[in-house]
Amino acid sequence: GPVQLNVSVGQTWAKQNQVQNGRTQADGTYLLAEALLPVHGDLWAVLGGYGHWGTADVRRGYLNAGAQDYSSGKPATDTWGLRGRLEWDRAWQLGNTEFSPYADLSYSESRLGAYTETGGGFPARFAARTDKATELRLGLNAAKPLANGLTLTGVFEAAHRFEKSGPATSGQMLGLFAFNLPGKSNQQDWLRVGAGLEGNLASGKASLSLNVTSRGETPNAWLAANWQKAF
């Protein structure tokens, strides 16, 4: 039929280093569902939603009388989001390079549950906080066939985040004082450029891409590798 439905489940792992030798390790399970719908000719719409549930292992580093110290906690995490996208597949061609413009609007909420730290000289209790992200992305995908069945791919994207700042951090240093720190200001606009290769590998289809961004609410650079096989 004309409609394509996709459902996927998976597992994620992440690690982030923080100031004073602190670090956060997180893992979780996600469920993603989306529908690809024809609008007119080669214009397609994608409607989707996802949920992610997991835990974080947070080690907060600080100096205690000039010596390195740590306090730790394990809050629950959950995220949900909605996404709508319009893409004009192969809108125009220059030589043997095809270009496909798109517009993408997404909304998500990520919640870090309340938790109380253990260990260290100054453990703290943190209230739950929710980070909301509404992002609009306008971009252009490009694909150029090469020899040996390879395809050179590229993307140029401009992104805007509507929220001006993140959530506040509040809680209490146990036995001492309460605190309420304002959320950090978001970098609301950034650009992304990516390039990669696609081709057949081991009876499946493989891709490798490198992405870099200007300063914004996204990683500076990342490498993505993918292999899939129909069965």
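Strands β9 and β12 (residues 169–173) run antiparallel and are joined by 3 bridges; strands here are DSSP runs of E with at least two residues, numbered from the N terminus, and two strands pair if DSSP finds at least two bridges between them. The model is predicted, so that local features need pLDDT of at least 70 and side-chain atom pairs count only at pLDDT 80 or more, whereas totals for chains, interfaces and linings use all residues. Residues are numbered from 1 along each chain as its sequence is written, and side-chain values use heavy atoms, with hydrogens and water left out.

Both strands belong to an open sheet of 4 strands, ordered β8-β9-β12-β13 with antiparallel pairing. Its edges are formed by β8 (115–116) and β13 (177–181), each of which pairs on one side only. Within the sheet, A124 stands opposite M173 in β12.

A124 and M173 are also members of the largest nonpolar core, whose 8 residues include Y115 and F126. Such a core is a set of buried Ala, Val, Leu, Ile, Met, Phe, Trp, Tyr and Cys residues joined through side-chain atoms within 4.5 Å, buried meaning under 20% relative accessible area (1.4 Å probe, protein chains only). Two or more residues come from each of β3 (43–64) and β9 (124–126). Beyond four places in sequence, the contacts of Y115 (heavy atoms within 4.5 Å) include V58, A124 and F126.

R137 is located in strand β10 (residues 129–145). Its side chain makes a polar contact with that of E135 at 2.5 Å; a polar contact is a pair of N or O atoms within 3.5 Å, where, within protein, one must be able to donate a hydrogen and the other to accept it, and residues adjacent in sequence count only if both atoms are side-chain atoms.

Notes. Buried means under 20% relative accessible area, exposed over 50%, partly exposed in between (1.4 Å probe, protein chains only).
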